[in-house]
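Here is a short briefing to keep beside the structure while you look around.

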Amino acid sequence: RSDFQFCAILLKMRSADLEFYIDSDGDPCWRALRDGNSTITLPDGKVYTDSLITGHFYSWGSSLKGEFKLDTPTQIVTITNGDEGWENFKVTDKAAAVEDEPKSSAAALEAEQCKQAAHQAKEKQQAERQEKKREVSAPQGVSVDFLVNRFDRILQKQFGAQYNEHTTFADLAVMLWGPANARFSEVVDLLGHASRWDESRGASGVSLCKAIGERCVADVGIANLFISWTWRYTVKKFLEALRNYCADKGMSLTSTFAWVCFLCNNQFDWLSGSTNDGVETFGENVKQIGKVVCLVDSFKGSTALYFSRLWTVFEVFVACTCGVEIDFALMSDSEQELLGVSIGELKANIKVDVMNASASDENDEKKIKALIAAADGGAHAINTKVAKLFIAMVARFLADD
């Protein structure tokens, strides 16, 4: 009652509905300035409704500590009975509060939208970083459009009559990088790949794929086809089979990027006797690319290059193990073989024998055969599985055809 500071404030305060004053006993009071039903809420939560004329805060419970709330037709008045007396006197006009409510709601909505936008922007940045990281680490392939429409002409221009329908990729490797017993003694700088600097090796010489991409960005992209094949194939028949496969499947040549080891591996590294783990690299590429196309030269066990090479069988083995999509493409010779063939003849002709297949690198051969031997069922199970896979694929092909 002796809170004169509060009493002084009360004497100066005047609301639209209420007048506050100090009575003769020094108690804070109010007096209604207009008629209208109002309520008072006590600190203990009790609510009283009355037509306010005059009132004493003490009469409503002088022992109650906390906030008293007067709710009039146009205003809300709050006052707190604290440990040190009456305090926190506040008058709020209802009209202003209603008017501010949409603003507050709009501000809250705007703040929430800004928060969501910031979160979405952060997620987008993270996704972009992940995508960029994936693009950097993902295997790069050469567009089929470049391979089937320009690569042959580039080789013809570079090597003239030395390059013809009998030239295999093994021959092309000698023409580019020299014979196996004298690799890189003489190098042909096709598309500038030999003179370009390779930062990872700290030396000149990059993959043909990288050189192609630096000449034209659109010709190289994230690989979406892993080509399973052998360097013993002739270049022209290989390119022809790739063209025909994409045409039969209705695939865009410009947006189909083939991972071809001859082009996509840096041969300055791989052919120099480096410690590259070919088994790990090829296996990982099969998994990342997600689709293997087996380029088959023949289905006759006695003449088929594809089934005699350990690398090709290993690639199919990895694809089967990881559930990667597998398809096959026919070279002109194998396509002719299938004309009029029966399923029985096909089963008799397709022979897979991983333990008698070979790889050019002895260490790779040992590692691949060890992996296959350790698989469920060992080499016999792999032979049977790969053979059945090809028989099934060819059977579907003949049925569709």
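A polar contact here is a pair of N or O atoms within 3.5 Å; within protein, one must be able to donate a hydrogen and the other to accept it. With that in hand, look at Thr-167, whose side chain reaches the backbone nitrogen of Asn-164 at 3.0 Å. Please keep in mind that this is a predicted model.

- You will find Thr-167 in the loop between α3 (144–159) and α4 (169–177).
- Its relative accessibility is 4%, so Thr-167 counts as buried.
- Setting aside neighbours within four places in sequence, Thr-167 is in contact with Gln-162, Leu-172, Met-175, Tyr-233, Thr-234 and Val-235.
- Lys-236 lies 69 residues away from Thr-167 along the chain, yet the two C-alpha atoms are separated by 7.8 Å.

**Helices α10 and α13**

- Helix α10 (residues 310–322) packs with helix α13 (residues 362–374) at an angle of about 35°, and their axes are 11 Å apart.
- The crossing of these two helices, α10 and α13, is left-handed.
- On the α10 side, the contact is made by Leu-310, Trp-311, Phe-314 and Phe-317.
- On the α13 side, Asp-364, Glu-365, Ile-368, Lys-369, Leu-371 and Ile-372 make the contact.

**Glu-315, a buried residue of α10**

- Glu-315 sits in helix α10, and with a relative accessible area of 4% it is buried.
- What does the side chain of Glu-315 join in a polar contact? The partner is the side chain of Ser-228, at 2.6 Å.
- Not counting residues up to four places away in sequence, Glu-315 touches Phe-226, Ser-228, Trp-229, Phe-282 and Val-286.

**Helix α14**

- Helix α14 (residues 378–400) has 23 residues and reaches 33 Å from its first C-alpha to its last, close to the 33 Å expected at 1.5 Å a residue.
- Its buried residues are Gly-378, Ala-379, Ile-382, Asn-383, Val-386, Ala-387, Phe-390, Ile-391, Met-393 and Val-394.
- An α-helix has 3.6 residues a turn, so residues three or four places apart point the same way.
- The cover over the buried residues of α14 includes β15 (291–296), α10, β16 (325–330), α12 (343–349) and α13.

- Asn-265 is placed in the loop between α7 (261–264) and α8 (267–270), and its relative accessible area of 8% makes it buried.
- Beyond its neighbours within four places in sequence, Asn-265 is in contact with Ser-207, Trp-259, Trp-270 and Phe-282.
- Thr-80 belongs to strand β7 (residues 75–82), and it is buried, with a relative accessible area of 16%.
- Its contacts, leaving aside neighbours within four places in sequence, are Gly-66, Glu-67, Gly-85, Trp-86, Glu-87 and Asn-88.

**Positive phi in a loop**

- Most residues other than glycine have a negative phi.
- Phe-184 has a positive phi, near 65°, and is found in the loop between α4 and β10 (197–198).
- Leu-191 is found in the loop between α4 and β10 and has a positive phi near 60°.
- Are these residues buried or partly exposed? Phe-184 is partly exposed, with a relative accessible area of 23%, whereas Leu-191 is buried at 10%.

Key
Residues are numbered from 1 along each chain as its sequence is written. This is a predicted model: local features need pLDDT of at least 70, side-chain atom pairs count only at pLDDT 80 or more; totals for chains, interfaces and linings use all residues. Side-chain values use heavy atoms; hydrogens and water are left out. Axes are lines fitted to C-alpha atoms, for helices over the stretch in contact, and angles run from 0 to 180 degrees between N-to-C directions. Helices (H or I, at least four residues) and strands (E, at least two) are DSSP runs, numbered from the N terminus. A crossing is left-handed if the near helix is turned anticlockwise from the far one by less than a right angle, and right-handed if clockwise. Contact means heavy atoms within 4.5 Å. Buried means under 20% relative accessible area, exposed over 50%, partly exposed in between (1.4 Å probe, protein chains only). The expected span of a helix is 1.5 Å times one less than its number of residues.
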